[in-house]
There are 2 protein chains.
Amino acid sequence: MKRSKKERQSLLTEKITDNPFVTDEQLAAEFNVSVQTIRLDRMELAIPELRERIKDVAAKNYDEVKSLPLDEVIGEIIDIELDNRALSIFDVSSEHVFQRNGIARGHHLFAQANSLAVAVINDELALTAKSNVAFVKPVRAGDRVVTKAIVTGKLPEKNRTFIEVTSTVDNEVVFKGDFEMYRTKGEEK
Amino acid sequence: MKRSKKERQSLLTEKITDNPFVTDEQLAAEFNVSVQTIRLDRMELAIPELRERIKDVAAKNYDEVKSLPLDEVIGEIIDIELDNRALSIFDVSSEHVFQRNGIARGHHLFAQANSLAVAVINDELALTAKSNVAFVKPVRAGDRVVTKAIVTGKLPEKNRTFIEVTSTVDNEVVFKGDFEMYRTKGEEK
DNA sequence: ATTAGTATTAGCACTTGGTACTAATACCAA
DNA sequence: TTGGTATTAGTACCAAGTGCTAATACTAAT
């Protein structure tokens with residue numbers, strides 16, 4: 001049952017990603033090749049040795065109880081017209097999705113929309129008061145989410161600003177939300 | 001400078017718990033004793049060697065990531081009754097708030113609520129379809145947010161589950177939300 | 001001070017799961 | 001047949017240990 005080198009290496013990568021705790025010896029037995037071959041394969045593929053792999057897994061856990069976004073703004077704002085409109089992009093990667101099925105967790109999309117809504121308001125500080133959102137279509141790892149926020153109305157006497165947010169991937173709407181924001185200071189201008 | 005054996009051992013335990021990645025040699029240097037002494041100490045205290053410790057950390061991390069959904073939850077779930085109710089707590093710290101005024105960013109509260117809504121659903125996978133939320137009262141760094149999710153209804157023919165989420169700090173409501181969840185029964189492309 | 005008992009240090013052989021390197025052999029293709 | 005890649009084998013070496021024995025040091029009690 002000889003596999004080609006290429007085939008073996010791709011299976012090897014998969015195996016190791018799947019279970020980083022496997023030794024070269026076990027892999028050699030599994031693929032019916034010598035330990036040296038496995039080592040050569042790892043070197044070609046730049047896969048570190050067992051202990052390093054384990055250490056990486058451990059460090060990831062230890063580094064910081066990861067969870068999520070610490071940034072001021074989720075996504076990168078690429079255009080903004082204060083008190084009017086704003087646009088941001090957010091590249092979805094593997095840490096934003098459910099491992100199960102690769103679909104992005106809702107709160108990341110919400111986070112992008114919410115922080116864009118905060119950013120568009122031309123004020124010292126804006127807080128979200130209410131919001132109504134719909135997750136229209138699943139977003140996956142690798143997708144680039146383009147989010148647009150548009151100020152749709154204001155109630156200056158109540159310190160409220162209304163914002164409509166739409167997120168798209170490849171021009172298809174994936175998320176829509178209405179945000180009612182509270183602003184600390186009244187409107188300037 | 002010389003500490004008693006007992007003192008050293010308790011400090012040792014602390015050090016290692018604090019940073020499991022430290023070698024006997026480093027510890028020996030730190031406590032000004034020989035490596036052998038450190039080894040004896042570890043044996044008496046039943047502390048495994050560096051590699052085992054690292055492997056433990058890694059395995060723990062790995063299991064959690066694999067077994068999921070609890071790892072994908074923002075906040076810590078302290079009680080759960082599948083398809084019925086769930087409770088989680090989330091300690092707000094400085095990285096979750098606006099520097100300006102110390103008020104928590106909305107999407108963190110949303111994330112806690114949303115992931116609790118996902119967790120309470122007793123299914124392979126749940127996705128948020130829509131949600132309607134209100135940020136009732138500002139939350140600040142240091143606050144412990146207690147969030148309760150209650151399943152309020154279902155539309156099995158449409159694969160929908162409705163969940164009401166309420167977050168409180170010191171028994172005062174700070175956040176309320178209604179979530180409409182989509183649940184996949186088995187497959188999905 | 002002597003003696004017992006614990007504490008500490010030292011040294012050596014051996015273990016795992018490797019790296020780094022060299023050399024030999026096998027296989028496949030023009 | 002020649003060449004190039006692929007595979008295997010073998011050696012020396014490393015880190016961070018375990019396991020064991022033996023020597024020394026430090027107290028504390030008689």
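**Entry 1. Chain A overall**

I began with burial: 42% of the 189 residues in chain A are buried, where buried means under 20% relative accessible area, exposed over 50% and partly exposed in between, with a 1.4 Å probe and the protein chains only. I note that this is a predicted model, in which local features need pLDDT of at least 70 and side-chain atom pairs count only at pLDDT 80 or more, while totals for chains, interfaces and linings use all residues. Residues are numbered from 1 along each chain as its sequence is written, chains are lettered from A and ligands numbered from 1 in the order in which they are written, and side-chain values use heavy atoms, with hydrogens and water left out.

I looked up the secondary structure of chain A and found five helices and six strands. Helices (H or I, at least four residues) and strands (E, at least two) are DSSP runs, numbered from the N terminus. I read the order of elements in chain A from the N terminus as α-α-α-α-β-β-α-β-β-β-β.

I then took the contacts (heavy atoms within 4.5 Å) of chain A. Among those with a separation of 6 or more, 61% join residues 24 or more positions apart. Chain A exposes about 10,400 Å², and 49% of this comes from carbon and sulfur atoms; the areas are from the Shrake-Rupley method with a 1.4 Å probe, and for residues only the protein chains shown count as cover.

**Entry 2. DNA strand C**

Of the atoms of DNA strand C within 4 Å of the protein, 67% belong to sugar and phosphate.

I checked polar contacts next (pairs of N or O atoms within 3.5 Å; within protein, one must be able to donate a hydrogen and the other to accept it, and residues adjacent in sequence count only if both atoms are side-chain atoms). Asp24(A) places a polar backbone atom 3.0 Å from a phosphate oxygen of DNA strand C. For Arg39(A), a polar side-chain atom lies 3.4 Å from a sugar or linking oxygen of DNA strand C.

I found that helix 3 (35–45) and helix 4 (50–63) of chain A, with helix 1 (5–18) and helix 3 (35–45) of chain B, each supply at least two residues of the surface near DNA strand C.

**Entry 3. DNA strand D**

I noted 15 residues around DNA strand D, of which Arg8(A), Ser34(A), Thr37(A), Leu50(B) and Arg51(B) come nearest. Sugar and phosphate make up 65% of the atoms of DNA strand D within 4 Å of the protein.

I found a side-chain polar atom of Thr37(A) 2.4 Å from a phosphate oxygen of DNA strand D. A polar backbone atom of Ser34(A) is 2.9 Å from a phosphate oxygen of DNA strand D.

**Entry 4. Chain B**

I looked at His108(B), which is in helix 5 (residues 106–120) of chain B. His108(B) is buried, with a relative accessible area of 2%, and its side chain reaches the backbone oxygen of His96(B) at 3.4 Å.

Conventions:
Near = heavy atom within 4 Å.
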